[in-house]
Amino acid sequence: MAIQWFPGHMHLTRKAIQERIKEIDVVIELLDARLPGSSANPMLAEITAAKPALKVLNKQDLADPERTALWLEHYNRQPGTRALGLDASMATPAKALVAACHELAPKRGGMTKPMRVLICGIPNVGKSTLINTLKGKRAAKTGDEAGVTKLEQRITIADDFYLYDTPGVLWPRIIVAKSGYNLAASGAIGRNAFDEQEVALELLDYLRQHYPTTLEERYKISGAASLTDEQLLDAIGRKRGGLLSGGKINLQKAAEVAIYDFRQSSLGRITLETPDEFAQWLAVGQKIDAERQIKKDAIEMARLIKFKKVPRPPRVPEDNAENSD
Ligand code: G4P
């Protein structure tokens with residue numbers, strides 16, 4: 001079963017961004033470097049399509065550097081787009097951000113035409129941390145729940161460079177089943193919205209194919225690549241999860257351990273998708289979406305046809321209605 005996650009209030013964020021975007025020169029989208037495709041919000045791409053875009057692959061300290069390079073190359077090839085990697089250990093990220101924005105909007109700058117930049121990203125991607133670093137002091141979060149519009153923050157990076165925080169919360173939108181699992185593994189979606197064992201099995205399935213040695217080293221197992229995801233979860237349970245009464249393996253605990261280890265980068269620096277893989281998942285997701293839409297349209301058409309067939313009672317002209325008394 002794919003992950004179901006339907007956060008409300010996206011329309012409020014959409015409206016607020018549409019309003020703000022008119023006076024924006026560059027849009028910075030913060031992505032999780034471990035899952036850049038899945039942590040992007042397709043609605044944001046749609047409503048900011050006309051603006052130059054800076055993709056920031058954040059938390060690069062947790063991601064596979066070779067794959068981060070692939071993603072940067074992928075975004076840098078797109079017109080009107082630049083990309084760079086960041087992480088919270090960088091004391092002065094402003095320099096790189098400012099330079100990239102000036103490259104994207106070279107006509108902006110100076111007191112009469114200050115650079116106006118909007119910074120967006122799904123929850124947990126590290127936006128508050130970055131903003132706090134840019135501000136140089138800790139700032140309290142103004143609202144993290146659906147529908148709680150954050151008080152708009154304008155951060156002055158330089159006299160002629162303003163950064164605006166997203167008005168509202170930009171939730172992820174899951175159009176690809178695999179994205180749901182990756183977002184859940186990363187911690188971007190609420191705990192109650194997914195089943196840990198299901199997410200851990202998907203995670204292990206990917207890791208055994210792409211990072212088998214990290215699994216072998218962490219859990220002291222051999223031949224990880226040739227085990228099934230269920231066997232791997234079993235093995236982790238046996239090593240780390242403890243046993244339930246009757247000698248049964250605590251698979252729930254094993255799943256929590258695997259997810260926790262991934263989030264803490266105890267498995268090493270891992271990226272759960274490459275640009276090519278994500279493009280394939282997206283193509284499948286879009287095909288399913290299109291088929292669903294065709295089915296919906298067919299049902300709607302059938303409903304209309306049925307509706308038209310219902311004989312309507314003849315309309316009595318008002319004059320006649322009065323005369324009939
Ligand atoms: P948000 O505003 O986008 O929702 O994200 P926020 O800055 O609150 O960051 C979410 C979590 O990610 C925090 O951890 C934060 O410390 C961590 N984080 C942010 N940037 C980076 C980064 O570049 N690298 C790494 N490794 N982690 C980063 P937390 O455990 O939820 O909170 P806390 O322990 O920092 O209090």
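Me: How many helices and strands does the chain have?
Reply: This is a predicted model. Its secondary structure is counted as helices and strands. The chain has 12 helices and 6 strands.

Me: What share of the residues in the chain count as buried?
Reply: The chain has 325 residues. A residue is buried if its relative accessible area is under 20%. By that cut-off, the share of buried residues is 44%.

Me: Among contacts between residues at least 6 apart in sequence, what percentage join residues at least 24 apart?
Reply: Start with contacts in the chain between residues at least 6 apart in sequence. Then keep those that join residues at least 24 apart. Their share is 71%.

Me: Is E196 buried or exposed?
Reply: E196 sits in helix α7. Its relative accessible area is 12%. The cut-off for buried is under 20%, so with 12% E196 is buried.

Me: With which side chain does the side chain of E196 make a polar contact?
Reply: Leaving aside neighbours within four places in sequence, E196 is in contact with R191, Q252, A255, E256 and I259. One of these also pairs with E196 through a polar contact between side chains, at 2.9 Å. That partner is R191.

Me: Which helix gives the largest share of the shell around the ligand?
Reply: The ligand is surrounded by 15 residues, and A88, N124, K127, S128 and T129 are the closest. The shell divides into 5 nonpolar, 5 polar and 5 charged residues. The largest share is 3 residues, from residues 127-135, helix α5.

Me: How far is an oxygen atom of the ligand from a polar backbone atom of N124?
Reply: A side-chain N or O atom of D61 lies 2.9 Å from a nitrogen atom of the ligand. A backbone N or O atom of G126 is 2.9 Å from a ligand oxygen. For the polar backbone atom of N124, the distance to a ligand oxygen is 2.7 Å.

Conventions. Residues numbered from 1 in each chain as written. Predicted model: local features only at pLDDT ≥ 70, side-chain atom pairs only at ≥ 80, totals over all residues. Heavy atoms only, no water. Helix = DSSP H or I, 4+ residues; strand = E, 2+ residues; numbered from the N terminus. Buried < 20%, exposed > 50% of the residue type's maximum accessible area, 1.4 Å probe, protein only. Polar contact = N/O pair within 3.5 Å; in protein donor to acceptor, adjacent residues only side chain to side chain. Contact = heavy atoms within 4.5 Å. Near = heavy atom within 4 Å. Nonpolar A, V, L, I, M, F, W, Y, C, P; charged D, E, K, R; others polar.
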